[in-house]
Amino acid sequence: MIHHYKNSTPAIHESAYVAKDAVITGDVTIGEESSIWFKTVIRGDVAPTKIGKRVSIQDLSMVHQSPNNTVIIEDDVTVGHQVTLHSAVVRKNALVGMGSLILDGAEIGEHAFLGAGSLVPPGKKIPPHTLAFGRPAKVVRELNSEDYKEMERVRKSYVEKGQYYKHHTSL
């Protein structure tokens with residue numbers, strides 16, 4: 001369901017896949033070949049949300065903001081199932097593990113991997129090219145070539161799945 005809010009209507013690239021039961025409202029921009037999965041809610045009714053190209057925001061996730069605090073999700077990001085992103089920034093090629101909670105002013109660095117179930121408190125920065133997890137999230141190590149391969153595999157699989165659903169489902 002796509003809703004306008006006041007003077008804002010979501011701008012969704014024609015190549016993006018949005019599940020029919022996802023809710024997107026207000027000042028939201030979604031880039032090429034991105035995918036917004038089942039029962040996800042993205043509200044742009046407080047501040048803008050900017051989602052780049054080839055981003056997947058998986059089932060049951062929620063994206064929202066505080067006043068004057070834009071959500072930015074750069075290109076080639078994977079956001080796992082049941083993630084809450086609130087006024088945060090996720091840099092390109094990052095992966096946010098399922099069930100994670102990322103709060104106001106937090107930033108996930110480029111090519112960073114945030115493990116499942118993590119809590120990134122307000123203002124916390126996860127450095128690029130690191131694996132972090134926990135409550136609160138802490139960096140545990142630098143990423144290696146196997147981590148990068150797995151992150152790329154997941155990202156590509158969601159671009160492919162999103163394009164399949166966009167072109168082969170009609171319910």
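Two strands pair if DSSP finds at least two bridges between them. Strands (E, at least two residues) and helices (H or I, at least four) are DSSP runs, numbered from the N terminus. Strands of a sheet pair through backbone hydrogen bonds, either parallel or antiparallel.

The model is predicted, so local features need pLDDT of at least 70 and side-chain atom pairs count only at pLDDT 80 or more, while totals for chains, interfaces and linings use all residues. Residues are numbered from 1 along each chain as its sequence is written, and side-chain values use heavy atoms, with hydrogens and water left out.

**Stop 1: strand E6**

Select E6, residues 41-51. E6 pairs with E4 in the parallel sense over seven bridges; Val 28 has Thr 49 of E6 as its bridge partner. E6 also pairs with E8 in the parallel sense, over two bridges. Here Ile 42 has Val 63 of E8 as its bridge partner. With E9 the pairing of E6 is parallel too, over three bridges, and Lys 50 is partnered by Ile 72 in E9.

**Stop 2: Gln 65**

Next select Gln 65, in the loop between E8 (62-64) and E9. Is Gln 65 buried or exposed? Gln 65 counts as buried because its relative accessibility is 2%; buried means under 20% relative accessible area, exposed over 50%, and partly exposed in between (1.4 Å probe, protein chains only).

Leaving out residues up to four places away in sequence, Gln 65 touches (heavy atoms within 4.5 Å) residues including Arg 43, Pro 48, Val 71 and His 86.

**Stop 3: the nonpolar core**

A nonpolar core is a set of buried Ala, Val, Leu, Ile, Met, Phe, Trp, Tyr and Cys residues joined through side-chain atoms within 4.5 Å. The largest one has 40 residues, and Ile 57, Ile 73, Leu 85, Ile 102 and Ile 108 have the most contacts inside it. Elements that each supply at least two of its residues include E4 (23-30), E6 and helix H1 (145-168).

Zoom in on Ile 57. Not counting residues up to four places away in sequence, its contacts include Trp 37, Ile 42, Val 63 and Ile 73.

**Stop 4: the open sheet**

Finally, colour the eight strands of an open sheet in the order E3-E5-E7-E10-E13-E16-E19-E20, with mixed pairing. E3 and E20 (137-142) stand at the edges with a single partner strand each, so one side of each has no neighbour in the sheet. E19 and E20 pair in the antiparallel sense over five bridges, and Gly 134 stands opposite Ala 137 in E20.
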